[in-house]
Amino acid sequence: MPVDEHALFGGALAFMCAAVIAVLVAKRIGFSPIVGYLLVGIAIGPIGFNVADPSVVHTVAELGVVMLLFLVGLELKPSHLLSMGHYIFGLGTAQLVLTSLAFALLAYFGLGFGVAAAVVSGLALSVSGTAIALQLVGERGDLGSPYGQRTFSILLFQDIAVVPLLALVPLLAPGSETEIHDPKATLMQAGMAVGAIAVIVVAGRYLLNPLFRVLARSGAREAMTAAALMVVLGAAGLMEIAGMSAAMGAFLAGLLLSESTFRHELEANVDAFRGLLLAIFFMSIGMTLNIDVILHHIPRLVVGALAVAVIKSVVVYLVFRADNIAPGDSLRASVALMAAGEFAFVLFPLGLANNILRTEQTDLLIALAALTMVLGPLLFAGVSRFLPRFTPPAPEPPADDFTDADGSVLVIGFGRFGQIVSQCLLAQDVSVTIIDKDVEMIQSAGRFGVHIYYGDGTRLDVLRAAGAETMEVICICVDNKEDANRIVEIVRTSIQGPRLFVRSFDRVHSMELVRLGVDFELRETLESALSFGARTLEALGVSESAAEARIADVRERDRARLERQMQDGLFAGADPFTRPKVEPEPLTEPEHRARPLNPEAQDILTHETEFSG
């Protein structure tokens with residue numbers, strides 16, 4: 001390979017190895033993988049192995065933040081977002097204003113910064129790291145909790161505030177007050193932003209679902225993956241062209257697709273890219289640390305990092321407590337939002353370019369922001385580990401306090417069998433999630449009053465995206481025996497907790513499922529045939545109770561035979577060199593021999609007797 005290709009291959013290999021090592025080491029010592037990514041980034045950066053240009057890596061890795069916001073948008077719904085308006089604009093404004101004011105005063109009076117430099121520094125440090133905070137809260141599964149939703153609301157407000165903050169910096173530059181700003185240019189920029197949002201809203205509402213429906217009918221999985229990436233990158237790029245945050249565009253696209261029938265398939269396709277790119281993003285932050293600046297200003301940076309940690313945490317804690325969030329959750333939120341965000345690496349160089357900050361100040365502030373990114377996950381891990389020791393356990397509910405609880409069931413396969421199963425569950429107000437990869441089945445599900453999502457149930461990422469790990473029961477109702485077995489193996493290997501109820505196709509398949517350890521299996525024709533037989537007996541004059549008793553006896557005999565065949569084999573006693581067909585056998589000994597009623601039947605039975613003899 002040419003030299004450039006060798007360098008590219010070596011850099012990619014180094015990043016993959018670093019990601020694996022970071023996760024293993026961080027998990028081993030009980031910390032978030034983010035800590036490992038940041039520290040490993042220092043090791044492979046310019047002061048270490050120097051595997052790649054940090055600026056180039058960081059540009060690519062920012063796609064991880066974009067995809068993270070897309071997935072967050074998928075988890076929300078427009079109605080849910082509107083209900084969070086108080087948190088977004090109330091808590092978000094309070095946090096940003098109070099924290100910026102505190103940092104600006106500290107920079108002005110404590111460090112001797114000018115007014116403009118103090119304002120820029122305060123704003124940059126007050127904005128939190130979206131990727132870090134969401135990753136920390138999401139790892140605990142707390143994004144749906146009250147403090148998790150408020151944390152996300154603050155981060156969302158900060159993303160919305162990026163555009164006016166970027167516009168503010170040139171206005172603070174020396175001599176800017178003498179410049180005449182064209183109001184038409186300002187209005188045009190605002191119009192471009194509104195137009196970009198309108199394009200995303202219209203496309204998400206009227207174009208994307210038909211597009212994904214066509215791709216789903218084609219059965220080309222790679223086309224669905226490409227379409228998912230196209231939506232994320234297209235929305236992000238459009239918003240960036242309009243002068244707004246790329247992450248905001250991705251979030252809007254995810255929000256508009258949150259009620260789509262293809263939501264889980266999109267989530268599964270994007271999630272793998274998101275995880276890898278976020279890992280590279282955190283490593284790129286570690287690579288950008290200027291170690292020379294850190295070594296020459298260790299005392300100032302340590303004091304500054306502690307000051308940022310204390311001020312930001314105290315402000316967030318007080319804001320959350322004012323909104324009646326529990327002290328423990330308020331503390332978690334304050335530490336999760338403590339780290340500076342990726343916006344700082346844009347705003348500080350912008351301040352330098354506009355002669356608001358000096359070179360030495362910019363280097364120190366960038367190093368300070370990066371240090372808070374390392375310190376934040378460490379403190380969050382420490383708080384999460386030690387807080388339960390000082391928090392009294394919540395009182396356990398009474399043992400019989402489950403009258404209003406409804407189960408949660410994942411039904412995979414929405415054919416005739418799955419539809420009847422779903423009818424039974426919905427009649428009892430059980431929460432049901434349905435996965436199917438047949439577009440016609442998805443369309444027909446609207447009459448059932450449930451959400452049914454397009455996806456391949458034999459894929460682990462789709463099962464996880466559909467919430468399989470939180471389900472009480474997974475009902476596998478697919479109409480393909482191999483797919484059913486594969487889903488069982490995936491769930492038993494990678495997902496712990498839910499019970500497995502599986503549709504069986506025949507006697508042999510039932511034996512396979514029992515060996516795989518399912519909790520319940522049922523042949524698709526067994527119970528319907530037994531019910532049919534019971535009604536026939538009643539039509540012949542047998543009493544209902546006697547017919548039900550006879551059917552129960554046949555059911556028990558069938559189960560006993562299945563257990564015996566599980567032990568001795570389905571073909572026990574047969575010629576070991578010849579595998580006979582699976583033939584039906586009577587469960588009760590017949591009182592009379594079979595009587596052929598026409599010559600054809602006579603010939604068949606005679607041939608069968610000679611063959612078996």
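Predicted model: local features only at pLDDT ≥ 70, side-chain atom pairs only at ≥ 80, totals over all residues.
Residues are numbered from 1 along each chain as its sequence is written, and side-chain values use heavy atoms, with hydrogens and water left out. Local features need pLDDT of at least 70 and side-chain atom pairs count only at pLDDT 80 or more, whereas totals for chains, interfaces and linings use all residues.

Nonpolar side chains tend to be buried together in soluble globular proteins. A nonpolar core is here a set of buried Ala, Val, Leu, Ile, Met, Phe, Trp, Tyr and Cys residues joined through side-chain atoms within 4.5 Å. Buried means under 20% relative accessible area, exposed means over 50%, and partly exposed lies in between (1.4 Å probe, protein chains only). The largest nonpolar core has 129 residues. Those with the most contacts inside this core are F70, F212, F282, M283 and F348. Helix α18 (residues 359-390) gives the most to this core, with twelve residues. Helices (H or I, at least four residues) and strands (E, at least two) are DSSP runs, numbered from the N terminus. Contact means heavy atoms within 4.5 Å. Leaving out residues up to four places away in sequence, F212 touches M224, A227, A228, V231, L257, F262 and L266. A second, separate core has 22 residues, including I476, A484, L500 and V518.

Helix α5 (residues 85-110) gives the most to the nonpolar patch, with four residues. V115 lies in helix α6 (residues 115-126). V115 counts as exposed because its relative accessibility is 57%.

Side chains of opposite charge can pair when their charged atoms come close. A salt bridge is a side-chain nitrogen of Lys or Arg within 4 Å of a carboxyl oxygen of Asp or Glu. Six salt bridges are found in the whole structure. One of them joins the side chains of D519 and R492 at 2.9 Å, N to O. D519 lies in the loop between α23 and β6 (520-523) and R492 in helix α22 (residues 481-494), so the pair ties together parts that are 27 residues apart in sequence. D519 is partly exposed at 42% relative accessibility. R492 is partly exposed as well, at 29%.

Helix α25 (residues 544-568) holds R550 and D553, three residues apart, or about one helical turn. Their side chains form a salt bridge of 3.6 Å, N to O. R550 is partly exposed at 48% relative accessibility, and D553 is partly exposed at 26%. Salt bridges that share partners join R550, D553 and R557 into one network.

In helix α16, R332 and D329 are three residues apart, about one turn of the helix. The salt bridge between their side chains spans 3.1 Å, N to O. R332 is buried at 10% relative accessibility, whereas D329 is partly exposed at 25%. S334 also has its place in helix α16 (residues 327-336). S334 is buried at 1% relative accessibility. A polar atom of the S334 side chain lies 2.6 Å from the backbone oxygen of L331. Beyond neighbours within four places in sequence, S334 is in contact with S313, V316 and Y317.

Helix α23 (residues 507-516) includes H509. The buried residues of α23 are R507, H509, S510, M511 and L513. H509 has a relative accessible area of 0%. Its side chain makes a polar contact of 2.9 Å with the side chain of N485. A polar contact is a pair of N or O atoms within 3.5 Å; within protein, one must be able to donate a hydrogen and the other to accept it, and residues adjacent in sequence count only if both atoms are side-chain atoms. Not counting residues up to four places away in sequence, H509 touches K481, A484, N485, R503 and S504. At the start of α23, a side-chain oxygen of D506 reaches to within 3.2 Å of the backbone nitrogen of V508. G517 follows α23 and has a positive phi, near 85°.
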